[in-house]
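Please read the numbered points beside the sequence and the model.

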Amino acid sequence: MKMSIDDLRFFQVVAASETLTAASRHLGCSLPVTSKRLSALERRLDVRLVQRGTRRLVLTSEGALYASRLDSILDQVRELEDLVTDGSRDLRGALVVQATLGLGRAHVAPLLAEFAASHPQLQVRLHTSALPLRPHRQKFDVAVHVGSPPDSSLRMRRLAENRRVPCAAPSYLDRRGAPTRVEELADHDCIVLRENEGDFALWRFGDVSDPRHVRVRGSLSSNDGDIVTGWALEGRGVIMRSEWHVRPHIERGELVRVLPHVTTPAADIYALTADDTHVPRRVTGLIEYLASRMPGRLGRSG
């Protein structure tokens with residue numbers, strides 16, 4: 001029985017995915033091709049790795065055992081490759097980057113394209129998602145995350161300062177009036193962004209020494225930040241969005257900051273990596289590039 005490194009990397013993606021369809025998208029191939037390759041792997045091993053007939057991807061006990069050893073084996077392979085190539089002047093190898101949808105589209109993707117153009121021997125793959133970051137479910141080299149990191153075991157490097165701020169279109173404020181106290185938001189039409197796994201409708205204000213919050217309500221919500229902002233621009237309600245996202249609209253007068261005298265908690269932008277002893281030079285190089293370029297991009301009007 002012959003087993004290749006590609007087989008191990010293939011099943012690592014499968015085991016970390018919610019569904020076989022999601023694994024196919026991550027691998028960049030069709031569902032039939034992924035299913036056929038999984039079946040071929042199972043035949044070579046003479047064991048069933050994944051339970052069939054379930055909507056979500058469920059590993060068998062053998063599949064779970066197989067997956068549990070993959071990370072350490074592949075990490076050793078990558079570390080050996082990095083030790084061999086780190087002496088080279090050029091950055092090379094694969095970089096897997098995760099980011100949220102909005103920030104990924106607007107800023108991470110352009111910066112990755114610039115970085116890849118400067119290092120032609122790199123293969124850079126960006127995965128954007130509205131789902132929360134799951135460090136133990138999906139393998140990545142760098143995750144660009146907004147707000148407090150979800151896992152204290154991850155290494156973190158702040159790329160840029162950011163806050164979430166409430167705002168609304170002038171047409172909405174002309175119609176409903178501007179709130180003067182945090183508590184008044186409970187009586188306004190608030191558009192909720194359903195991202196990550198927090199309490200979506202609980203909007204936080206203040207700082208660590210004086211935290212404040214209010215539970216908002218409204219008829220509109222979405223997991224897509226661009227949709228939420230679009231509704232606000234149409235005058236349909238108040239939103240709480242990252243300052244980097246709404247600043248251009250505020251500067252153009254399309255949105256107005258609500259409760260500008262009230263402090264909002266920090267939601268800084270971080271680069272997260274696994275807390276490994278060996279960090280490849282391509283990873284540190286990318287993080288340094290993002291840290292040097294991200295603040296300037298966020299500070300410019302769009």
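In which sense do strand β5 and β10 pair, and over how many bridges?

1. Strand β5 (residues 164–168) pairs with β10 in the antiparallel sense, over four bridges. Pairing requires at least two bridges found by DSSP; strands are DSSP runs of E with at least two residues, helices are runs of H or I with at least four, and both are numbered from the N terminus. Within this pair, cysteine 167 stands opposite isoleucine 239 of β10.

2. The model is predicted: local features need pLDDT of at least 70 and side-chain atom pairs count only at pLDDT 80 or more, while totals for chains, interfaces and linings use all residues. Residues are numbered from 1 along each chain as its sequence is written, and side-chain values use heavy atoms, with hydrogens and water left out.

3. The open sheet has three strands in the order β10-β5-β11, with antiparallel pairing. Its edge strands, β10 (239–242) and β11 (256–257), each pair on one side only.

4. Leaving aside neighbours within four places in sequence, leucine 103 is in contact (heavy atoms within 4.5 Å) with Val108, Val144, Val146, Trp244, Ile269 and Leu298.
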